[in-house]
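Work through the exercises below with the sequence and the structure in view. Try each task before reading its solution.

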Amino acid sequence: GFPVCGFHYLLFAIAGLTLFCCTLTSTSLGFISVCSGAEWGLNSSASGSFVTMVYAGQLVGNILTGPIADNYGRRKAILWFLYAFSIFAVLNGFTANYETMALASFGIGIGYSGVIVMVGLLSELLPAEIRDDMLVLMNWFWALGATAANLMAWFMLPLNLNGYPSWRFFSNMASIPIILSAIFAYLYTPE
């Protein structure tokens, strides 16, 4: 097999960062949906549907990832999905109503699907002697991202921001890591 080198650890770090950031942003929607729903006078079913839209977007995105990666290359697929995720994550903080937040949530779900391509690329390029351990460790990034979202919500949602809704601030802050992840993926993800 191939010798283990810094490249493998760099790719693992990028894939882990991507999973961490995607999980942080998508988990934050659970908190954001409650707060935005209260601001817009939505019932709990309507507020909860924002998270459902993420899963619906993932369903569509998962169907698209394979053909896009096969036809255009894994690097392009990863980047396109991360760019989509980033754009919709930023838009989420500026939504004006139920419909626009549902659309942004759906777009976040589509973008999240790019993680599958990233993990697939990682599993292909890792040498056999570290592949199993590294892929198991990838799950830690998911747990860390979900934990980070909970901690951010705990700190940010109670803030008094002089009339600016704290859920929007939280949403904006939660979108920054995925933008950084997309930049790192652009710089360091191989084809």
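**Exercise 1: the largest pocket**

The largest pocket has a lining made up of Thr-23, Ser-26, Thr-27, Val-51, Val-54, Tyr-55, Gln-58, Tyr-112 and Trp-142. The model is predicted: local features need pLDDT of at least 70 and side-chain atom pairs count only at pLDDT 80 or more, while totals for chains, interfaces and linings use all residues. Residues are numbered from 1 along each chain as its sequence is written, and side-chain values use heavy atoms, with hydrogens and water left out.

Task: state which helix gives the most to this lining, and sort the lining by class.

Solution.
- Step 1. A pocket is an open set of points on a 1 Å grid over the protein atoms alone, where a 1.4 Å probe fits, with protein on both sides within 12 Å along at least five of seven lines; lining residues have an atom within 4 Å of a point.
- Step 2. H1 and helix H2 (44-72) each supply at least two lining residues; helices are DSSP runs (H or I, at least four residues), numbered from the N terminus.
- Step 3. H2 gives the most, with four residues.
- Step 4. Five lining residues are nonpolar, four are polar and none is charged. Ala, Val, Leu, Ile, Met, Phe, Trp, Tyr, Cys and Pro count as nonpolar, Asp, Glu, Lys and Arg as charged, and the others, Gly among them, as polar.

**Exercise 2: Met-118**

Task: find where Met-118 sits and decide whether Met-118 is buried or exposed.

Solution.
- Step 1. Met-118 belongs to helix H5, residues 114-125.
- Step 2. Met-118 is buried because its relative accessibility is 1% (buried means under 20% relative accessible area, exposed over 50%, partly exposed in between, with a 1.4 Å probe and protein chains only).
- Step 3. Beyond its neighbours within four places in sequence, Met-118 has contacts with residues including Ile-14, Thr-18 and Ala-185, where contact means heavy atoms within 4.5 Å.
- Step 4. Ala-185 is 67 residues from Met-118 along the chain, and their C-alpha atoms are 9.3 Å apart.

**Exercise 3: Pro-127**

Task: place Pro-127 in the chain and list what Pro-127 touches.

Solution.
- Step 1. The loop between H5 and helix H6 (128-156) holds Pro-127.
- Step 2. With a relative accessible area of 3%, Pro-127 is buried.
- Step 3. Residues up to four places away in sequence aside, Pro-127 touches Phe-2, Pro-3, Val-4 and His-8.
- Step 4. From Pro-127 to Ala-102, 25 residues apart along the chain, the C-alpha separation is 41 Å.
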